[in-house]
Amino acid sequence: MSQLPPQVLSPLDGRYRAAVTNLGEYLSEAGLNRARVQVEVEWLIALTDRGLFGSAALTDAQKAALRQLVTDFGQAEIDELAELEATTRHDVKAVEYLVRRRLGTLGLDHIAELTHFAATSEDINNLSYALTVSAAVREVWLPKLQLVIDKLRARAEEFRADAMLARTHGQPATPTTLGKELAVFVYRLERIQKQIEGNDYLGKFSGATGTFAAHVAAEPSADWPTISREFVESLGLDWNPLTTQIESHDWQAELYTRVSHANRVLHNLATDIWTYISMGYFRQIPQAGATGSSTMPHKINPIRFENAEANLELSSAILDSLAATLVTSRLQRDLTDSTTQRNIGVGFGHSLLALDNILRGLGEIDVDRTLLAADLDSNWEILGEAIQTVIRAEVTAGRSSIEDPYALLKELTRGKRIGQADLVAFVSALEIGDEAKARLLTLTPAGYVGLADSLVDRLD
Ligand SMILES: O=C(O)C[C@H](Nc1ncnc2c1ncn2[C@@H]1O[C@H](COP(=O)(O)O)[C@@H](O)[C@H]1O)C(=O)O
């Protein structure tokens, strides 16, 4: 058998790389290790700034040089960490050794023993994940969601007055407008977007079992909880004061549940648009040079929405699993979260890819107004609801004595095809007030959309 050259296993790192590359900046292993270096360096600065253990505060130049380790983190550090970890078999210890080596280069050997001081690996890891996940959400995933919402809102405005037969249960029903149906998704997505924007990013920094035991042993007089809080908050995170060895990951469960919820709303959008395309309400705009079917030359397939549908399912499967499993850790810690959290980027990556496809797909469709109008015009029986409701109002107002208007319209329309002429004749013969009758006689399926158009303004 021939040997293939080494290939990545995940399509996110293969054919979809371009769509998700910005996430890799934060949610890759390199992104995690860069954040670990950042936390180790900032802890060194926090300890020396406080003059703990007789240390002198670092000069601005020394601090800048230390922080440069984070901004310069690149292939050399990635390779060196791999080499160090091959010996330590401990990823966080490898980061500590890397920082210690750099302290030597910078002439800061005298504070080497303050590297990773009183810290357990999770102190470094939990802050690193909070930093990288919050950056990925704020810098990459939310901006892409915003682009989708903006595009969807623009299309909702564009189609706000385009009457469309609704299909509750897949059956002809009271019409709506295409724009109002898209606006519903904008409204739903914006609610979840706000929840995600407001998500907490908690961090703990309290040692091997969350008790500050090593800290107190080394310096009983220091106010370690306050130092810990100030340190966590200096990184832009929320302090978690009470944990086991690990940050409890509840903020992660909340975040992944919300993103998974957004995925499901987007999935609903993708399958609805797919259905509108299949009914001909949306035409797909041919893309120059693109092929639909390899054998049926006439076809344009809705591949953007199909790709999105599948990737949203994959994303939710991963994020749901993360949310479900990360919240438990036996006793004071088990290490299951370590390998699990390495898949956060995979969960977000499939969602980001789906957002990218939905965004493109929304730009490649146009409404077919002729078909929308023809569909409405061949379903006059849907006006049965309007007629029976008007009669009931007339009866209540004392202008009609028709008995059981609902039954009357049911008899006329249920399971039947009724045309305009039938309805006009029926309404003309009704014993109701003149104004109500005139109103009903001008009603058409396309005009029976209530306030659908103006409801789009509710988005503002
Ligand atoms: O500060 C500590 O390390 C305390 C220690 N708990 C640990 N906390 C965090 N990381 C640890 C821990 N133990 C191992 N490792 C290292 O985690 C890595 C796990 O690798 P993988 O399963 O691939 O994600 C892999 O690199 C492991 O070496 C404890 O004994 O409580």
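These notebook entries record what I looked up in a predicted model.

**Ground rules**

I worked on a predicted model in which local features need pLDDT of at least 70 and side-chain atom pairs count only at pLDDT 80 or more, while totals for chains, interfaces and linings use all residues. I numbered residues from 1 along each chain as its sequence is written, and side-chain values use heavy atoms, with hydrogens and water left out.

**Annotated domains**

I began with the UniProt record, whose positions are given in the numbering used here, with shortened feature names and annotations that may be inferred rather than shown by experiment. The unreviewed entry places "domain: Fumarate lyase N-terminal" at residues 14–308, and I found this span to be 62% helix and 7% strand, with its end C-alpha atoms 17 Å apart. Helices (H or I, at least four residues) and strands (E, at least two) are DSSP runs, which I numbered from the N terminus. The unreviewed entry also gives "domain: Adenylosuccinate lyase PurB C-terminal" for residues 329–449; here the end C-alpha atoms lie 54 Å apart, and the span is 61% helix and 2% strand.

**Helix 5**

The 15 residues of helix 5 should span 21 Å, and its end C-alpha atoms are 22 Å apart, which agrees. For burial I used relative accessible area, with buried meaning under 20%, exposed over 50% and partly exposed in between (1.4 Å probe, protein chains only). The buried residues of helix 5 are Asp 91, Val 92, Ala 94, Val 95, Glu 96, Leu 98, Val 99, Arg 102 and Leu 103, and they pack against helix 2, helix 3 (60–71), helix 4 (75–88) and helix 6, where contact means heavy atoms within 4.5 Å. After helix 5 comes Gly 107, with a positive phi near 70 degrees.

**Two histidines with positive phi**

Most residues other than glycine have a negative phi. I noted that His 116 has a positive phi of about 60 degrees although it is not a glycine; His 116 sits in the loop between helix 5 (91–105) and helix 6 and is buried, with a relative accessible area of 12%. His 169 also has a positive phi, near 60 degrees, and its place is in the loop between strand 1 (163–168) and strand 2, where His 169 counts as exposed at 79% relative accessibility.

**Pockets**

Grid points are joined across faces, edges and corners, and a volume is the space filled by probe spheres set on the points.

The largest pocket holds about 520 Å³ and is lined by 18 residues, with Pro 172, Glu 381, Ile 382, Glu 385 and Thr 413 nearest its centre. Strand 2 (171–177), helix 15 (384–396) and helix 16 (405–413) each supply at least two residues of this lining. I sorted linings by class, counting Ala, Val, Leu, Ile, Met, Phe, Trp, Tyr, Cys and Pro as nonpolar, Asp, Glu, Lys and Arg as charged, and the others, Gly among them, as polar; the largest pocket has five nonpolar, seven polar and six charged residues in its lining.

The second largest pocket has a volume of about 430 Å³, and of its 20 lining residues Leu 27, Ser 28, Glu 29, Gly 345 and Val 346 lie nearest the centre. Helix 1 gives the most to this lining, with six residues, and the lining as a whole has nine nonpolar, seven polar and four charged residues.

**Cavities**

I counted three cavities of 30 Å³ or more. The largest cavity has a volume of about 100 Å³, and helix 17 gives the most to its lining, with four residues; this lining divides into nine nonpolar, one polar and no charged residues. The second largest cavity holds about 50 Å³, and its lining has two nonpolar, three polar and five charged residues, with Arg 36, Glu 122 and Asp 337 among them.

Methods. On a 1 Å grid over the protein atoms alone, a cavity is a set of points where a 1.4 Å probe fits but cannot get out, and a pocket is an open set with protein on both sides within 12 Å along at least five of seven lines; lining residues have an atom within 4 Å of a point. The expected span of a helix is 1.5 Å times one less than its number of residues.
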